[in-house]
Amino acid sequence: MAKMEQATIAALYTLEETIAEKLFEGLTYPWEALPLIGEFIIRLGQSLPEDKYEQVKENVWIAKSATVFPSAYINGPAIIDEGAEIRHCAFIRGNAIVGKEAVVGNSTELKNVVLFNKVQVPHYNYVGDSILGYKSHMGAGSITSNVKSDKKLVVVKCGEEQFETGLKKFGAMVGDSVEVGCNSVLNPGSVIGKETNIYPTSCVRGVIPAQSIFKGTGNIVTKF
């Protein structure tokens, strides 16, 4: 697989595992979807079946089978899918899709994101301008950093290859079944391949191959 092919939607995600499957139609790279999330949610929300979803306020749809703690805050546009759990003091700022049986935990903040089904961001996580694939998990305190310190547009880097995204805000594209260790930082433009493990307290940049173990910068080993 060519290097930048590792960063494509097809390489990272099982699209059948999200209510947002149509968001990615016609796109090659997942970050192309980031500016489209808000409007997509509004269109999709208006078509959701009323026997399964309830519109609780403007542009916020919550599945009747989801669990939302009273102390959680959800701003629209947002869709909380079936069986999801939004725990104590979760803060969903808007433009957020939370997948089936996903967990958004204590003091976790979401903004402009798609969480595929069964994603877990359960403890003190910040996830902004990011897409997390099926069954991916972020350990306690791990975050996506979505703006460069110099405020320049984000570039995805894969070895010697570079891809100009045109985006000022871009956190991480996290593939299916990725495990991110506690207190790790996924820097702007990070892309983590399927089934990869990130060691705790890591500082991650660039494209990390699928089925690998990230132990530190320059120390990435194949998993199988």
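This is a predicted model: local features need pLDDT of at least 70, side-chain atom pairs count only at pLDDT 80 or more; totals for chains, interfaces and linings use all residues.
Local features here need pLDDT of at least 70 and side-chain atom pairs count only at pLDDT 80 or more, while totals for chains, interfaces and linings use all residues. Residues are numbered from 1 along each chain as its sequence is written, and side-chain values use heavy atoms, with hydrogens and water left out.

Trainee: Which residue in β16 is the bridge partner of Cys158?

Mentor: Strands are DSSP runs (E, at least two residues), numbered from the N terminus, and two of them pair if DSSP finds at least two bridges between them. Strand β15 (residues 155-158) runs antiparallel to β16 (residues 161-164), and four bridges join them. The two form a hairpin with two residues between them, and Gly159 in the turn has a positive phi of about 65°. In β16, the partner of Cys158 is Glu161.

Trainee: How many disulfides does the rule count?

Mentor: A disulfide is a pair of cysteine sulfur atoms within 2.5 Å. The sulfur of Cys158 is too far for a bond, because the closest cysteine sulfur, in Cys203, is 18 Å away. Cys203 is in no disulfide either, as the nearest cysteine sulfur, that of Cys182, is 16 Å away. The count is zero.

Trainee: Is Cys158 buried or exposed?

Mentor: Buried means under 20% relative accessible area, exposed over 50%, and partly exposed in between (1.4 Å probe, protein chains only). Cys203, at 40%, is partly exposed. Cys158 has a relative accessibility of 4%, so this residue counts as buried.

Trainee: At what distance from the ring centre of Tyr73 does Lys57 lie?

Mentor: A charge sits over a ring if NZ of Lys or CZ of Arg is within 6 Å of the ring centre and within 35 degrees of the ring normal. Lys57 lies over the face of Tyr73, and its distance from the ring centre is 4.8 Å.
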